[in-house]
Structures are given as structure tokens and as C-alpha cells.
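Trainee: I would like to go through this model with you. Could we look at it together?
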Amino acid sequence: MPRFYFDVREGATFTPDEEGVECESFDAAELLAAEAAAEIGRDRLPKGDARDVTVELKNEHRQRVLTVTVTMEIHRVHPQPQPPR
């Protein structure tokens, strides 16, 4: 089975995957990358300064073959609406 590596970028922080994961196929690795990005985004984006989480999927030769990015955007309404009278 081919080995894939899932490097993670959270804002300015980069965390390389040193071990990798064996996956049955490229499609299976793509699904894992998407699930990982969504989970990291759900857990960390609302709590930190980073607004983007990117998982870079690399093949067994450490070549990037896919990128998944989860982005959170917050738009506040200014001025804040007032309740109806």
C-alpha cells in the first residue's frame, strides 16, 4: 500500500508529518486529508488567531499531490442593529 504524508499549516505554524499513513488508494488519502482539515478547523479555528488550516497531502516521495484548506471568515455588522421599537 502506498504511504501518504499529511503536513498541516495553521496560520504561520507548520507541522510536518514525519511518519505518514498507508492508504489503499489516492482517493482514500484524499478523504483522510479532507476529514483531518475539517476536524482541525472545527477544533482550533474558533479559538485561535489562525483563520486558515491547510493539509498538504504528499506521496511516498514527499511530493505534494493535493491541498485541502479550511477557512473561517467572520464578518461583523457595524454599527450593530438596534432592536425594533
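Trainee: Which residue in strand 4 is the bridge partner of Arg9?
Mentor: The partner of Arg9 in strand 4 is Thr54. This is a predicted model, in which local features need pLDDT of at least 70, side-chain atom pairs count only at pLDDT 80 or more, and totals for chains, interfaces and linings use all residues. Residues are numbered from 1 along each chain as its sequence is written, and side-chain values use heavy atoms, with hydrogens and water left out.
Trainee: How many bridges join strand 1 to strand 4?
Mentor: Strand 1 (residues 3–10) and strand 4 run antiparallel and are joined by 6 bridges. Two strands pair if DSSP finds at least two bridges between them; strands are DSSP runs of E with at least two residues, helices are runs of H or I with at least four, and both are numbered from the N terminus.
Trainee: And what about strand 5, in which sense does strand 4 pair with it?
Mentor: Strand 4 pairs with strand 5 (residues 64–71) in the antiparallel sense, over 7 bridges. Val53, for instance, has Val70 in strand 5 as its bridge partner.
Trainee: Which residue of that hairpin takes a positive phi?
Mentor: Arg62 does, with phi near 65°, in a hairpin that has 5 residues between the strands.
Trainee: Is strand 4 mostly covered or open?
Mentor: Strand 4 (residues 52–58) is mostly covered, with 6 of its 7 residues buried, that is, under 20% relative accessible area with a 1.4 Å probe, protein chains only. Over the 85 residues of the chain, 28% count as buried.
Trainee: Changing topic, in what order do the elements run?
Mentor: From the N terminus on, the order is β-β-β-α-β-β.

Key
Buried < 20%, exposed > 50% of the residue type's maximum accessible area, 1.4 Å probe, protein only.
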